[in-house]
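The exercises below ask you to read a protein structure by eye and then to check your reading against a worked solution. Please look at the sequence and the model before you start.

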Amino acid sequence: MSALVESPAWQALVEHAATARDLSLRTLFDADADRFAHFSLAAGPLFIDCSKHLVTARTRELLVALARQQGMDSAIADLFGGVRLNHTERRPALHTALRDRSGQPVMLDGRDVMPDVRSVLARMRRFSDGVRDGALRGLGGEPFDAVVNIGIGGSDLGPQMVVEALRAHVRPDLKVRFVSNVDDTHLVESLRGLDPARTLFLVSSKTFTTQETMTNAASARRWLVSGLRDERAVATHFAAISTNLEATAAFGIAPDRVFEFWDWVGGRYSLWSAIGLPIAIAVGMDRFESLLGGAHAMDRHFRTAPLETNAPVLLGLLGVWYRNFLGCATQAVLPYEQYLHRLPAYLQQLDMESNGKRTDRSGRPVDYDTGPVVWGEPGTNGQHAFFQLLHQGTQMVPADFILAARGAHDLEGHHDILLANCIAQSQALAFGKTEAEAGAEMIRNGIDPAEADRLAPYRAFPGNRPSTTIVMDSLTPEALGALIALFEHRVFVQATLWNINPFDQWGVELGKQLAGTVLASLRAGTPAANLDGSTRGLIDRVGRNT
């Protein structure tokens with residue numbers, strides 16, 4: 001067994017979990033009238049209710065002991081201190097500097113990075129203001145009314161999720177679209193109805209070599225030049241977020257239209273950087289800076305709050321509790337806020353690309369489960385899709401409910417119904433309904449007792465399905481920034497507990513490498529001789545139709 005599994009804190013939790021399986025949320029609430037207060041906390045603009053989890057004060061004590069054993073305080077300090085936590089790539093993970101509002105230096109290798117960060121933010125402000133107020137125009141002198149961001153992964157999911165979340169603040173006459181998939185349908189449909197003379201493209205690729213992004217960018221370039229019949233249009237209709245000035249210049253993008261970021265910014269942690277330029281254009285730089293401010297508030301909480309009352313630490317510990325000690329393989333994300341409809345996909349990448357690892361920081365295979373499968377949909381849609389499994393299925397799925405106390409609009413009755421459903425769903429998951437209660441309810445409603453007895457097993461709910469409820473007053477840029485940072489830090493906490501590196505992603509590389517061989521075979525019309533039988537057969541089969 002690994003040192004982690006053999007450690008005192010881990011073994012204490014194994015022993016404790018044997019008794020925790022018999023816990024009843026009904027009993028826990030009956031025994032503690034103040035359980036809600038004892039297991040909820042505020043962190044920045046967020047309120048977090050953890051009272052519906054299968055934990056006791058003793059569970060929390062043992063989990064915090066695990067965090068201390070794994071050096072959580074030191075790990076948090078190292079994260080903010082520029083230590084090269086991404087040891088396989090020998091890089092720090094200093095994305096928190098991008099949103100630092102303290103005015104204090106943030107040192108990396110003896111140098112303060114904040115002047116560079118502030119310089120890029122200032123350039124983002126000038127550029128986004130120019131697009132929004134019409135000072136920056138296309139080749140023919142017309143203002144831009146469409147912005148198309150071309151990227152993939154962290155260069156797409158983060159800014160797209162934020163723009164959708166803040167859609168209520170996007171200027172109505174400004175079309176903001178995101179292209180990521182190399183499937184040509186994505187680009188074709190995203191360009192449909194746009195006027196080349198009024199379209200601005202943002203190409204987001206650190207290396208300016210990402211296959212999907214550069215394929216889409218090249219096709220967008222051809223669309224633009226074909227529409228305007230002038231190669232000079234590229235210099236005024238394209239900007240880039242990249243570190244490869246040679247490649248951007250070869251593409252035709254002017255140097256003053258290239259926005260830098262740094263190798264200490266990981267892709268899925270990059271929306272706070274110039275990768276967030278489409279956010280700034282969509283909602284204005286003031287709101288983008290408010291987003292940064294909300295994230296910084298969560299960063300301060302994460303750095304300073306004791307482990308026992310530290311929101312990202314506690315959520316991370318709960319995730320480990322369910323993954324490693326109660327056998328839960330998945331985590332549901334359930335935003336009861338339509339503007340957050342892309343949040344589950346964003347968190348899917350954040351969590352699964354970060355913690356989907358099987359090798360610890362010493363290079364040894366782990367002998368314990370790591371990252372869960374993260375999935376979800378907005379409420380109330382999910383209630384009519386997969387909630388059946390959450391309530392009455394054979395597996396326990398911890399869930400994160402997310403809601404805004406005040407809605408973005410004022411259509412009569414809508415938001416009250418949304419809130420009622422969210423709160424009721426967490427209640428139903430936690431407390432369920434016994435067969436006796438189901439039978440008595442049917443009899444009260446006039447159903448024959450024999451029929452009620454027959455149907456009771458189908459209408460019973462086991463309960464004891466755990467959930468967190470995260471409440472914000474309203475979906476402001478500040479609240480959204482804090483929410484994203486909360487989940488970022490939860491992922492980091494779990495990686496620290498599991499002794500894995502959450503900042504690399506070697507698992508995406510093999511398929512990309514093999515795709516080169518397959519692509520060459522497809523274009524040659526003949527499968528390479530060294531391919532396996534299935535791959536050769538598929539290349540031959542699809543090649544007949546190309």
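In this structure the charged end of R99 sits over the ring of W272, 4.6 Å from its centre; a charge sits over a ring if NZ of Lys or CZ of Arg is within 6 Å of the ring centre and within 35 degrees of the ring normal. The model is predicted, and local features need pLDDT of at least 70, side-chain atom pairs count only at pLDDT 80 or more, while totals for chains, interfaces and linings use all residues. Residues are numbered from 1 along each chain as its sequence is written, and side-chain values use heavy atoms, with hydrogens and water left out.

**Exercise 1. Charges and rings**

Find the ring over which the charged end of R35 sits.

**Exercise 2. Aromatic pairs**

Classify the aromatic pair of F29 and F431, and then that of F80 and F302, by the angle between their planes.

*Solution.* Begin with the rule: rings of Phe, Tyr and Trp (its six-membered ring) pair if their centres lie within 6.5 Å, and planes under 30 degrees apart count as stacked, over 60 as edge-to-face and the rest as tilted. The structure holds 18 such aromatic pairs. For F29 and F431 the centres are 5.3 Å apart and the planes stand at 80°, which is edge-to-face. This pair links distant parts of the chain, with F29 in helix α3 (residues 25–31) and F431 in helix α18 (residues 414–431), 402 residues apart; helices (H or I, at least four residues) and strands (E, at least two) are DSSP runs, numbered from the N terminus.

Next, the rings of F80 and F302 have centres 6.3 Å apart and planes at 55°, so this pair is tilted. It too joins distant parts of the chain, from F80 in helix α6 (residues 72–80) to F302 in helix α14 (residues 285–304), 222 residues apart. Finally, F80 and F302 belong to one aromatic cluster together with Y269, F492 and F503.

**Exercise 3. The parallel sheet**

Work out the strand order of the five-stranded open sheet, and describe how β7 is enclosed.

*Solution.* Strands of a sheet pair through backbone hydrogen bonds, either parallel or antiparallel, and two strands are taken to pair if DSSP finds at least two bridges between them. At the edges are β6 (175–179) and β9 (258–259), each of which pairs on one side only.

Now take β7. Five bridges join β5 (residues 146–150) to β7 (residues 199–204), and V148 stands opposite F201 in β7. Four bridges connect β7 with β8 (residues 238–241), where A239 stands opposite L202. In a regular strand the side chains alternate between the two faces of the sheet. On one side of β7 are T199, F201 and V203, on the other L200, L202 and S204, and all are buried. Six of the six residues of β7 are buried, so this strand is largely enclosed by the rest of the structure.

**Exercise 4. The hairpin**

Identify the residue with a positive phi in the hairpin of β1 and β2.

*Solution.* First, four bridges join β1 (residues 40–43) to β2 (residues 46–49), which run antiparallel, and I48 is the bridge partner of L41. Two residues lie between the strands, and G44 takes a positive phi near 60°.

**Exercise 5. The largest pocket**

Determine which helix gives the largest share of the lining of the largest pocket.

*Solution.* A pocket is, on a 1 Å grid over the protein atoms alone, an open set of points where a 1.4 Å probe fits, with protein on both sides within 12 Å along at least five of seven lines, and lining residues have an atom within 4 Å of a point. Of the 42 lining residues, I152, T210, V508, E509 and K512 lie nearest the centre. The elements that give two or more residues are α10 (211–228), α16 (343–355) and α22 (509–524). The largest share, six residues, comes from α22.

How values were computed
Buried < 20%, exposed > 50% of the residue type's maximum accessible area, 1.4 Å probe, protein only.
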